[in-house]
Amino acid sequence: MTDRESDDRNGSGTDTGVATKTKPKTKKPALYRVLMLNDDYTPMEFVVETLRRFFRMSTEDATRVMLQVHREGMGVCGTYTREVAAAKVEQVVDLARKHQHPLQCTMEET
């Protein structure tokens, strides 16, 4: 047995360990885009007011998104965490149903 092995067994070795705490890395929450889908029945004015109400858009921004939905079939209303996006989708769909419009709103992970 070497002197080093003897020292290690007796606890008198020269190696000293340093206790370190590692901080757990927090993962950023996944983001989801809220999308509004085009239909042939919901009035454009209703879409603009919905965008202003639930997504806090100016009239100009809401009109731009409404025209994107109308021309391209879909428009992005905003990007949020999963819970917020789901709540906004539910609010839009509930209001549309209340007013008997077939407006669809959905979300997708970015």
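Visitor: How many disulfides does a search of the whole structure find?

Guide: This is a predicted model. A disulfide needs two cysteine sulfur atoms within 2.5 Å. Searching the whole structure for disulfides gives a count of zero.

Visitor: How far from Cys77 is the nearest cysteine sulfur?

Guide: Cys77 takes part in no disulfide. Its nearest cysteine sulfur belongs to Cys105. The cut-off is 2.5 Å, and this sulfur is too far for a bond. The distance is 5.0 Å.

Visitor: Is Cys105 buried or exposed?

Guide: Buried means under 20% relative accessible area. Cys105 has 6%, so Cys105 is buried. Cys77, at 6% relative accessibility, also counts as buried. For Cys105, then, the word is buried.

Visitor: Where is Asp39 found?

Guide: Strand β1 covers 31-37. Helix α2 covers 44-55. Asp39 sits in the loop between β1 and α2.

Visitor: Which side chain of opposite charge is nearest to Asp39?

Guide: Asp39 is buried but has no salt bridge. A salt bridge needs a distance within 4 Å. The nearest side chain of opposite charge is 7.3 Å away. That residue is Arg97.

Visitor: Which backbone nitrogen lies 2.6 Å from a polar atom of the Asp39 side chain?

Guide: The Asp39 side chain has a polar atom 2.7 Å from the backbone nitrogen of Tyr41. The 2.6 Å distance belongs to the backbone nitrogen of Thr42.

Visitor: Leaving aside neighbours within four places in sequence, what is Asp39 in contact with?

Guide: Contact means heavy atoms within 4.5 Å. With those sequence neighbours set aside, Asp39 touches Pro102 and Leu103.

Technical notes:
Residues numbered from 1 in each chain as written. Predicted model: local features only at pLDDT ≥ 70, side-chain atom pairs only at ≥ 80, totals over all residues. Heavy atoms only, no water. Helix = DSSP H or I, 4+ residues; strand = E, 2+ residues; numbered from the N terminus. Buried < 20%, exposed > 50% of the residue type's maximum accessible area, 1.4 Å probe, protein only. Lys, Arg positive; Asp, Glu negative; His and termini not counted. Polar contact = N/O pair within 3.5 Å; in protein donor to acceptor, adjacent residues only side chain to side chain.
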